[in-house]
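Hi,

Here is the structure I promised to send over. Have a look at it first, and then read on for what I found.

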Amino acid sequence: MQQVLHRGAAMMQHHEEPLNASWDDLKLFLACAKFKSFRNAAEELGLTSTTLMRRIDRLEESIDCKLFLRDQSGLTLSDEGAAMIADVAHMERHAFNVFRRASRTSNDLSGTVRVAVTEGPGNFWILPRLIDFQKSYRKITVDLRCAMEQADVARLESDIAIQLEPPTNPDLIVAKLGRLHIYPFVSNDYANLYGLPATLAELPSHRIIQQSAPQVDGGAYARVLGLKSLEGIVGIKTNSSVGVLYAVERGAGIGFLPTVAIALGAPLVAVDLGVSHHVDLWLTYHKEFRASERHKIVVDWLKKIFDPKIYPCFRDEFIHPDALVPMMTSVREAFGLTGYVAVTPA
């Protein structure tokens with residue numbers, strides 16, 4: 001596909017004729033500008049760094065200007081590149097809108113809806129409830145993608161996203177779903193073997209399981225615990241929230257987990273150190289999907305299964321895990337929800 005590209009004002013002083021540029025290469029230009037690195041952009045795009053550099057060289061040659069300043073620290077937009085990027089991004093948004101409209105108009109009550117969500121809520125909250133959803137909407141396929149990397153809804157990486165930070169793109173609709181309350185937990189075996197720390201001063205005698213991943217505030221652990229550093233305290237570090245839960249269940253140490261885990265029946269013991277943390281869950285989707293019936297059905301369903309009025313574990317106010325368990329037990333019984341399935345094999 002060829003797209004006529006008009007240069008910015010600074011460039012037009014020297015060239016008045018429109019120049020042709022490959023739309024595929026322009027998309028690579030946007031990726032390089034986003035990641036500021038050929039290597040990182042190439043990994044994201046599934047290309048080799050050599051191929052990506054050759055394609056950018058070809059683009060620069062076709063429009064007769066340098067788009068990037070290249071040095072050991074990475075890529076920086078040149079003046080010409082900075083003048084051009086807003087127009088190319090605008091072109092991309094319009095292209096995505098074409099695909100979104102085509103998606104929503106084809107057999108609107110059937111088809112696939114892609115939902116991106118962080119690991120914990122996706123695996124332990126949404127996925128079990130998809131079984132009942134499918135009984136009611138057999139022609140809608142929910143493509144659930146559970147990962148800590150945040151999907152870019154505006155760039156069609158997903159139709160709907162549930163994430164820990166609200167997006168700022170004005171083309172997106174954003175709604176707060178609820179709040180995850182993070183609290184320290186250990187397994188029963190760990191508590192029996194090592195006891196529980198009663199104060200923060202006793203933490204150096206224990207080991208912490210730390211999650212280090214996108215969308216996770218790396219400094220939250222030390223900040224919440226009032227420590228300058230976690231050096232010498234962290235026993236296991238993982239990028240997976242499921243991995244943290246697995247390690248806690250196996251007695252590896254103290255892990256900070258959403259209270260919804262114990263509310264669902266996970267065999268954990270709350271560690272009362274006088275500290276807790278919280279993160280909000282945000283649902284977002286492109287405004288073009290407001291006219292899509294199947295997307296509206298999935299959005300309404302997601303809002304329902306995270307409704308804090310029904311499920312107290314998602315309320316803004318903190319509820320101690322010991323008090324939350326009986327509240328959630330009555331909810332499970334009232335709605336016929338399945339209990340928790342342990343990560344650790346029996």
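How many residues does helix α11 have, and how far does helix α11 reach from its first C-alpha to its last? Helix α11 covers residues 293-305, which is 13 residues, and its end-to-end reach is 19 Å. At 1.5 Å a residue, 18 Å would be expected, so the two values are close. Please keep in mind throughout that this is a predicted model.

Staying with α11 for a moment, its buried residues are R294, H295, I297, V298, V299, W301, L302 and I305. You will see that the list includes R294 and H295 as well as W301.

Now for the chain as a whole. The protein chain has twelve helices and 13 strands. Of its 346 residues, 46% are buried. Counting contacts with a separation of 6 or more, 73% are between residues 24 or more positions apart.

The next part to look at is helix α2, residues 23-35. Its end C-alpha atoms are 19 Å apart, which agrees with the 18 Å that 13 residues should span at 1.5 Å a residue. Buried in α2 are W23, D25, L26, L28, F29, L30, A31, C32 and A33.

Two packed helices are described by the angle between their axes and the distance between the axes. Here α2 packs with helix α4 (residues 49-63) at an angle of about 115°, and the axes are 9 Å apart. That angle makes α2 roughly perpendicular to α4. The crossing of α2 past α4 is left-handed.

- from α2: D24, D25, L26, L28, F29 and C32
- from α4: L52, R55, I56, R58 and L59

By type, the residues of this contact are seven nonpolar and four charged, with no polar ones. Two of the contact residues on the α2 side, L28 and F29, are also among the buried residues of that helix.

Is H286 buried or exposed? Its relative accessibility is 3%, so H286 counts as buried. The C-alpha atom of H286 is 9.8 Å from that of A161, although the two residues are 125 residues apart along the chain.

Best wishes

Technical notes
Residues are numbered from 1 along each chain as its sequence is written. This is a predicted model: local features need pLDDT of at least 70, side-chain atom pairs count only at pLDDT 80 or more; totals for chains, interfaces and linings use all residues. Side-chain values use heavy atoms; hydrogens and water are left out. Helices (H or I, at least four residues) and strands (E, at least two) are DSSP runs, numbered from the N terminus. Buried means under 20% relative accessible area, exposed over 50%, partly exposed in between (1.4 Å probe, protein chains only). Axes are lines fitted to C-alpha atoms, for helices over the stretch in contact, and angles run from 0 to 180 degrees between N-to-C directions. Angles under 35 degrees count as roughly parallel, over 145 as roughly antiparallel, 65 to 115 as roughly perpendicular and the rest as oblique. A crossing is left-handed if the near helix is turned anticlockwise from the far one by less than a right angle, and right-handed if clockwise. Contact means heavy atoms within 4.5 Å. Ala, Val, Leu, Ile, Met, Phe, Trp, Tyr, Cys and Pro count as nonpolar, Asp, Glu, Lys and Arg as charged, and the others, Gly among them, as polar.
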